[in-house]
Number of protein chains: 2
Amino acid sequence: MIQTAVLGYGTVGSGVVEVLETNKESIEKRAGEAIGIKYVLDLRDFPGNPVEDILVHDYEIILKDPEVQIIAEVMGGVEPAYTFTKRALEAGKSVCTSNKELVAEHGLELMELAKKKKVNYMFEASCGGGIPIIRALNSSLTADEIDRISGILNGTTNFILTEMAESGADFDAVLKQAQELGYAERNPEADVEGYDACRKIAILSSLAFGAHVKYRDIYTEGITKITAEDMKYAKELGMTIKLLADSKRDGERFSAMVCPVMLGKDSPLYSVNGVFNAVFVHGNVLGDAMFYGSGAGKLPTASAVAGDMVDCAKHLGKTVMMNWSNRELEQVDRKEVTHPFFVRIQGNREERLPEVLETFANSKVVTVPELTGEFGFVTECISEAEFEEKAAKLEGVLGRIRIRA
Amino acid sequence: MIQTAVLGYGTVGSGVVEVLETNKESIEKRAGEAIGIKYVLDLRDFPGNPVEDILVHDYEIILKDPEVQIIAEVMGGVEPAYTFTKRALEAGKSVCTSNKELVAEHGLELMELAKKKKVNYMFEASCGGGIPIIRALNSSLTADEIDRISGILNGTTNFILTEMAESGADFDAVLKQAQELGYAERNPEADVEGYDACRKIAILSSLAFGAHVKYRDIYTEGITKITAEDMKYAKELGMTIKLLADSKRDGERFSAMVCPVMLGKDSPLYSVNGVFNAVFVHGNVLGDAMFYGSGAGKLPTASAVAGDMVDCAKHLGKTVMMNWSNRELEQVDRKEVTHPFFVRIQGNREERLPEVLETFANSKVVTVPELTGEFGFVTECISEAEFEEKAAKLEGVLGRIRIRA
């Protein structure tokens with residue numbers, strides 16, 4: 001039997017314990033050996049809970065036990081997870097995690113440490129919950145040069161945007177509903193401001209491009225300014241609004257952005273609704289591929305952590321190669337990136353149209369019958385710099401959303 | 001450098017050569033060593049082609065060369081591919097293939113032989129072209145009990161059905177168009193009769209359920225009887241028609257079927273159009289997941305073969321575990337399987353409705369304004385046996401299509 005420990009008995013941690021217990025037999029078959037949980041580390045006590053007998057409060061016990069070969073770090077946050085992970089790897093134990101903050105911040109360093117110690121640092125659960133995208137990048141799409149990776153990487157915001165599109169309610173009302181349903185946290189900032197999606201696209205880009213993409217360098221815009229009116233215009237255009245994390249590579253340059261976009265029905269991401277996530281990949285020989293699944297939630301995430309534990313068990317003493325290096329790509333200035341923009345503007349359409357067309361040539365007007373005193377238009381494909389310069393000249397701009405083909 | 005050989009210089013074979021050349025550098029990085037092609041085996045000559053220098057007609061040369069460690073078998077068909085593969089594995093060489101006929105027929109035996117010889121037999125390209133579904137089943141979803149796997153597994157039929165839905169043309173006209181575009185073969189039987197999808201779902205079910213599912217046992221119905229009228233009714237119902245390969249497991253029993261079905265907009269497979277393929281998986285902890293991509297074509301398939309070659313290079317001397325065993329599951333009798341049916345029937349709706357409702361209680365009528373002298377109805381969810389028995393009582397049944405929720 002291969003012994004393991006679970007750090008953190010929260011939502012994901014209890015899920016990992018549940019998955020390893022529920023699918024014990026098939027996991028043993030696949031790992032080639034039974035996987036046991038010798039310790040669960042948590043500051044709290046859980047009287048009456050089956051984990052009571054294996055619960056410890058002191059990490060040293062786990063570190064010093066040579067029987068423990070694999071550790072699931074599902075605490076979240078950078079500290080103490082970072083210190084715990086480093087010490088585990090230094091002690092020759094493999095670590096599997098769902099902690100995207102830590103992976104985005106120190107993933108490269110921890111992977112290099114794992115390699116030095118001939119163990120593994122795996123983080124399938126950090127991006128896209130149960131969607132097996134990271135192993136696909138590392139082990140399957142290895143004959144491809146990936147030049148684009150993008151997707152809907154945050155279930156909370158996708159639930160909110162889907163609800164807004166379907167019910168016509170505004171952001172605040174739907175956020176409250178999401179919080180009541182447990183789909184959004186009480187402090188929803190990391191999700192709704194796009195920070196969570198930003199960390200995930202930084203991790204995915206690093207693996208896809210074989211470089212080191214820093215999350216702090218990625219322009220990030222959340223969904224808090226998306227209104228019920230925006231949704232009406234999107235519908236009128238036959239489109240929907242999604243929080244898209246998008247990263248493209250062109251030779252030694254890359255550009256990445258997290259922001260709400262309008263997507264048409266031709267996009268495979270158009271019908272990814274609710275708490276589902278999807279990751280779209282383009283490879284130079286593969287062409288287009290997409291991975292879709294539950295992006296969050298206790299069991300899907302735990303399934304990914306447990307899958308990593310099985311992979312660690314199959315690779316004891318050998319580091320599985322990952323294509324994340326310290327090579328840095330040059331980032332394209334956001335201002336150079338081009339797309340069409342949807343713009344909402346105050347005023348009467350007939351009166352203001354000449355001014356709009358003079359500023360944004362060849363724009364297409366869009367109106368929603370029930371919205372009076374304003375109208376919308378879609379610009380040509382222009383750079384962010386050109387858009388900002390021109391939009392500054394127009395009075396009464398109510399909002400703008402980027403459009404993706 | 002790790003030396004390899006490619007058996008067969010047809011579409012996929014020339015794609016493999018192209019991929020290994022085009023992405024040489026990134027493949028070397030990922031495999032940990034350069035991958036070279038020492039031989040290409042084909043009966044034909046290719047004067048002037050760059051492979052001319054490494055072309056051989058005699059398989060013995062490859063077999064006897066101890067430098068060749070990995071072989072890509074992309075010949076298709078059972079023989080001589082079966083004999084060639086067996087001899088390669090026996091000689092201690094790993095084999096990667098896109099050959100679904102061979103994998104469906106002898107996959108289990110070849111995998112067992114590979115294990116005995118401490119080499120690998122890999123077949124990512126055999127199902128879903130470039131979609132990395134097989135490695136996901138073997139290496140990622142290892143903490144799950146997969147209870148359902150289904151999908152659109154044949155690009156030719158999906159192209160035909162998409163075209164029929166969009167243009168209103170009938171099967172024969174669209175098949176001809178597909179043949180002209182190179183999306184269908186001159187002898188299209190294996191695709192349009194569902195045989196190709198049947199082999200693929202047998203392979204995927206075997207891996208997902210950890211058992212041995214024989215393709216000959218799977219009920220298979222092609223798309224040749226789907227008419228332009230069927231498409232009109234589907235549209236009226238807000239549905240579309242797809243060739244679905246579907247396999248479900250319930251404990252020690254399974255049921256599998258390949259047949260055209262009507263799918264609603266809620267299905268993630270609804271918007272999988274053209275030559276694209278998609279595989280849907282349900283795991284007991286993962287929940288729903290879907291993999292989408294180019295299902296066929298030279299480069300996507302070659303990308304999958306080359307990805308397997310990289311994996312073989314990373315696992316020289318070690319067999320990667322696959323969860324395909326000789327355990328057999330009991331197959332549920334097709335007659336017991338239940339779903340609603342769409343039925344087209346001759347005659348006047350007012351006149352025949354009482355008779356229809358007496359035979360198929362609680363059916364819902366559907367009519368298409370332009371189709372006179374006939375109408376359609378959707379039955380309750382009933383077993384195949386009950387449907388067949390009742391439908392035999394009604395005169396003038398023009399066709400029936402199963403409906404999936």
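Where does Val51(B) lie in chain B? Val51(B) is found in the loop between β2 and β3 of chain B, where strands (E, at least two residues) and helices (H or I, at least four residues) are DSSP runs numbered from the N terminus.

This is a predicted model, in which local features need pLDDT of at least 70 and side-chain atom pairs count only at pLDDT 80 or more, while totals for chains, interfaces and linings use all residues. Residues are numbered from 1 along each chain as its sequence is written, chains are lettered from A and ligands numbered from 1 in the order in which they are written, and side-chain values use heavy atoms, with hydrogens and water left out.

Val51(B) is buried, with a relative accessible area of 3%; buried means under 20% relative accessible area, exposed means over 50%, and partly exposed lies in between, with a 1.4 Å probe and protein chains only. Apart from neighbours within four places in sequence, Val51(B) is in contact with Tyr9(B), Val17(B), Val40(B) and Phe46(B), contact being heavy atoms within 4.5 Å. Val51(B) and Tyr9(B) are 42 residues apart along the chain, and their C-alpha atoms are separated by 9.1 Å.

Val17(B) is also one of the buried residues of α1(B), which include Val12(B), Val16(B), Val19(B) and Leu20(B). Helix α1 of chain B covers residues 11-22 and has twelve residues, reaching 16 Å from its first C-alpha to its last, close to the 16 Å expected at 1.5 Å a residue; the expected span is 1.5 Å times one less than the number of residues. The buried residues of this helix are covered by elements of chain B that include β1 (2-7), α2 (24-31), β2 (35-41) and α12 (298-314).

**Strands and their pairing**

Chain B has an open sheet of six strands in the order β3-β2-β1-β4-β5-β6, with parallel pairing, where two strands pair if DSSP finds at least two bridges between them. Its edge strands are β3 (55-56) and β6 (121-122) of chain B, each of which pairs on one side only.

| Strand pair (chain B) | Sense | Bridges | Opposite residues |
|---|---|---|---|
| β4 (68-73) and β5 (94-97) | parallel | four | Ile70(B) and Ser94(B) |
| β10 (253-264) and β19 (397-404) | parallel | three | Met262(B) and Ile403(B) |
| β15 (341-346) and β19 | antiparallel | five | Arg344(B) and Gly399(B) |

Arg344(B) is also among the residues that Glu374(B) touches, a list that includes Glu229(B), Tyr233(B), Ile345(B) and Leu398(B) and does not count residues up to four places away in sequence. Glu374(B) itself belongs to strand β17 (residues 374-378) of chain B and is buried, with a relative accessible area of 14%. The side chains of Glu374(B) and Tyr233(B) are joined by a polar contact of 2.8 Å; such a contact is a pair of N or O atoms within 3.5 Å, and within protein one must be able to donate a hydrogen and the other to accept it, with residues adjacent in sequence counting only if both atoms are side-chain atoms.

**Cysteines**

The structure holds zero disulfides over all chains, a disulfide being a pair of cysteine sulfur atoms within 2.5 Å. Cys312(A) is in no disulfide, and the nearest cysteine sulfur, that of Cys96(A), is 3.6 Å away; in chain B, Cys312(B) is likewise in no disulfide, with the sulfur of Cys96(B) the nearest at 3.6 Å. Cys312(A) counts as buried at 0% relative accessibility, and Cys312(B) is buried with a relative accessible area of 0%.

**The two chains together**

Two copies of a chain are related by a rotation about an axis and a shift along it. Here, chain A can be laid on chain B with an RMSD of 0.0 Å by a turn of 180° and a shift of 0.0 Å along the axis, which is the relation of a two-fold axis; the superposition is by least squares on the C-alpha atoms of residues with pLDDT of at least 70 in both copies. The same surface serves both copies, as 100% of the contact residues of chain A recur in chain B. Of the residues of chain A, Phe291(A) comes closest to the rotation axis, at 2.4 Å (C-alpha).

Asp288(B), in strand β12 (residues 287-294) of chain B, is in contact with residues of both chains, including Phe276(A), Tyr292(A), Phe280(B) and His282(B), when neighbours within four places in sequence are left aside. At 27% relative accessibility, Asp288(B) counts as partly exposed.
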